[in-house]
Amino acid sequence: MLDFGSLLLATALSGACLSGTLLAIWLTARQARFVFTMAVGILLLVVHVIGFWQYGRNASPWLGQVTLALLVAGFFVILCSTAQYLERGWHRMAAGPVLAAVVVITAATAAGYDGLGFVLAYSTVTALLVVITAMFWAAGEYDRRILAAVTLLAGSAAVSFTLCALVLVLEGQWSLGTVPKNWAEDLNTAVVVACMTALGALTISLHHLRTQRQLTVQTLTDPLTGLLNRRALTMFHRDTRFGPSMALAMFDFDHFKRTNDVFGHAAGDTVLQRFADVVRSHAQDGVECFRLGGEEFAVVMSGVAPDEAHEILRAIGAAFGAEIVATKLGPLRSTVSVGVCFGDEAVTSLDEMLLAADAALYAAKRSGRNRAVTADTTGGATTYEPARLFA
């Protein structure tokens with residue numbers, strides 16, 4: 001059976017291997033900073049465990065101070081890793097109190113009250129673990145299974161550290177001269193081994209989850225405008241039944257080839273980005289925007305009456321027509337033509353909606369551009385509001 005010292009060294013070895021694994025993952029994905037930070041946090045805990053073991057053999061005050069400081073620092077760095085993953089700034093607010101706690105712990109240990117130092121260190125770690133759990137729950141958008149895993153992991157560790165502190169307080173062990181030795185410490189060592197392993201597995205899982213999410217975003221997002229792309233339109237609406245309260249509009253820039261030829265492709269890209277900004281600014285509940293490719297865009301509207309849909313389209317066209325792009329050849333102003341199709345019992349599929357809206361769009365081009373044309377789902381296309389979108 002392993003003695004306490006051997007168990008500590010086994011814990012340190014396991015943590016060192018885990019830290020190395022996380023560092024190897026980070027080297028292949030440098031953008032995953034939270035993985036690197038987690039590896040550093042676990043490494044600090046490994047050094048703490050080694051110091052804790054050595055303190056039990058030679059309880060010098062400076063070693064006690066360093067050991068307890070490493071314990072708090074390790075969990076604070078793990079908090080920083082959590083903040084990086086969740087993109088929250090809570091670790092900045094915690095930095096001051098943690099630093100103050102380390103100063104008090106160091107002073108107590110230096111004065112010979114290493115037992116009090118352990119109590120304060122365990123209490124600080126418990127607080128950090130509670131904050132980590134709260135950060136995940138506050139994020140809100142994560143799978144309940146992930147939240148349950150984090151809660152179980154951080155909660156178990158927090159309870160074990162709380163018990164360690166509570167035993168020292170109840171027994172009045174303010175000056176130890178060695179490492180604490182009681183049932184709570186034995187339990188804490190076992191819990192820390194399990195939690196450290198689970199923490200590494202959770203970090204790797206979160207890394208894979210974020211990577212998958214980023215790949216999905218990249219696959220479904222147009223890199224120039226930040227709008228959803230044609231693939232996203234197909235994915236989200238290939239099975240949609242377009243009823244009377246839905247509409248699909250297609251936008252195409254007027255004379256965009258001439259814009260690129262005269263003003264340059266950089267100016268053309270700026271025009272595309274400006275249009276995307278305008279569409280986003282007019283988006284509301286039930287309005288989704290997509291870039292189909294080139295200068296073609298689509299807007300899907302749900303839960304809107306025809307008059308409301310046309311008002312949205314007119315607002316987009318007018319706002320974009322008022323946009324001015326500064327170029328070396330002078331100010332550039334562009335307009336769009338729009339074809340819109342409303343769903344009904346006869347036109348239900350996405351492909352049929354796109355075909356009808358595309359036919360209406362070219363009718364708008366033929367009738368003078370800078371205007372909206374409504375598709376006639378019986379086969380033709382009738383002009384709605386022949387006045388131009390932007391005067």
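Modeller: The structure holds 7 salt bridges. This is a predicted model.

Biologist: Which residue forms a salt bridge with Asp 254, and how far apart are the closest N and O atoms?

Modeller: Lys 365 does, with the closest N and O atoms 3.3 Å apart.

Biologist: Where do Lys 365 and Asp 254 lie?

Modeller: Lys 365 is in helix H12, residues 350–366, while Asp 254 is in the loop between strand E2 (246–253) and helix H9 (256–263).

Biologist: Is Lys 365 buried or exposed?

Modeller: Lys 365 is buried, because its relative accessible area is 13% and the cut-off for buried is under 20%. Asp 254 counts as buried too, at 7% relative accessibility.

Biologist: What about Arg 274, which residue does it form a salt bridge with?

Modeller: Arg 274 pairs with Glu 323, and their closest N and O atoms are 3.0 Å apart. This pair links distant parts of the chain, 49 residues apart. Arg 274 is in helix H10 (residues 265–281), and Glu 323 is in the loop between helix H11 (306–321) and strand E5 (325–327).

Biologist: How accessible are Arg 274 and Glu 323?

Modeller: Arg 274 is partly exposed, with a relative accessible area of 26%. Glu 323 is partly exposed at 27%.

Biologist: Which residues do salt bridges with shared partners join into one network?

Modeller: Asp 252, Asp 254 and Lys 365.

Biologist: Which residues of H10 are buried?

Modeller: Among them are Ala 267, Gly 268, Val 271 and Leu 272. Phe 275, Ala 276, Val 278 and Val 279 are buried as well.

Biologist: Changing topic, how many disulfides does the count come to?

Modeller: The count comes to 0 disulfides. Cys 341 is in no disulfide, and the nearest cysteine sulfur, that of Cys 289, is 18 Å away. The cut-off for a disulfide is a pair of cysteine sulfur atoms within 2.5 Å.

Biologist: Is Cys 341 buried or exposed?

Modeller: Cys 341 is buried, with a relative accessible area of 0%. Cys 17 counts as partly exposed, at 47% relative accessibility.

Biologist: On backbone angles, what is phi of His 255?

Modeller: Phi of His 255 is near 55°, a positive value in a residue other than glycine. Most residues other than glycine have a negative phi. His 255 lies in the loop between E2 and H9, and at 38% relative accessibility it counts as partly exposed.

Biologist: And what is the phi of Arg 369?

Modeller: Arg 369 has a positive phi of about 65°, although it is not a glycine. Its place is the loop between H12 and strand E8 (372–375). Arg 369 is partly exposed, with a relative accessible area of 29%.

Biologist: Now the surface: which residues form a nonpolar patch there?

Modeller: Tyr 113, Val 169 and Trp 174 form it, with about 280 Å² of accessible area together. Trp 174 is in the loop between helix H6 (144–170) and helix H7 (183–220). Its relative accessible area is 35%, so Trp 174 is partly exposed.

Biologist: What domains does the assignment give?

Modeller: The domain assignment gives domain 1 (4–217) and domain 2 (228–385). Their centres, taken over C-alpha atoms, are separated by 53 Å.

Biologist: Last one: where is Met 235 found?

Modeller: Met 235 is in helix H8, residues 230–237, and is partly exposed at 42% relative accessibility. Met 235 and Leu 220 are 15 residues apart in sequence and 8.9 Å apart in space, C-alpha to C-alpha.

Key. Residues are numbered from 1 along each chain as its sequence is written. This is a predicted model: local features need pLDDT of at least 70, side-chain atom pairs count only at pLDDT 80 or more; totals for chains, interfaces and linings use all residues. Side-chain values use heavy atoms; hydrogens and water are left out. Patches are made of residues with over 30% relative accessible area and no salt bridge: like charges are joined within 9 Å, nonpolar side chains (Val, Leu, Ile, Met, Phe, Trp, Tyr) within 5 Å. Accessible areas come from the Shrake-Rupley method with a 1.4 Å probe; for residues, only the protein chains shown count as cover. A salt bridge is a side-chain nitrogen of Lys or Arg within 4 Å of a carboxyl oxygen of Asp or Glu. Helices (H or I, at least four residues) and strands (E, at least two) are DSSP runs, numbered from the N terminus. Buried means under 20% relative accessible area, exposed over 50%, partly exposed in between (1.4 Å probe, protein chains only). Domain bounds come from an automatic or database domain assignment.
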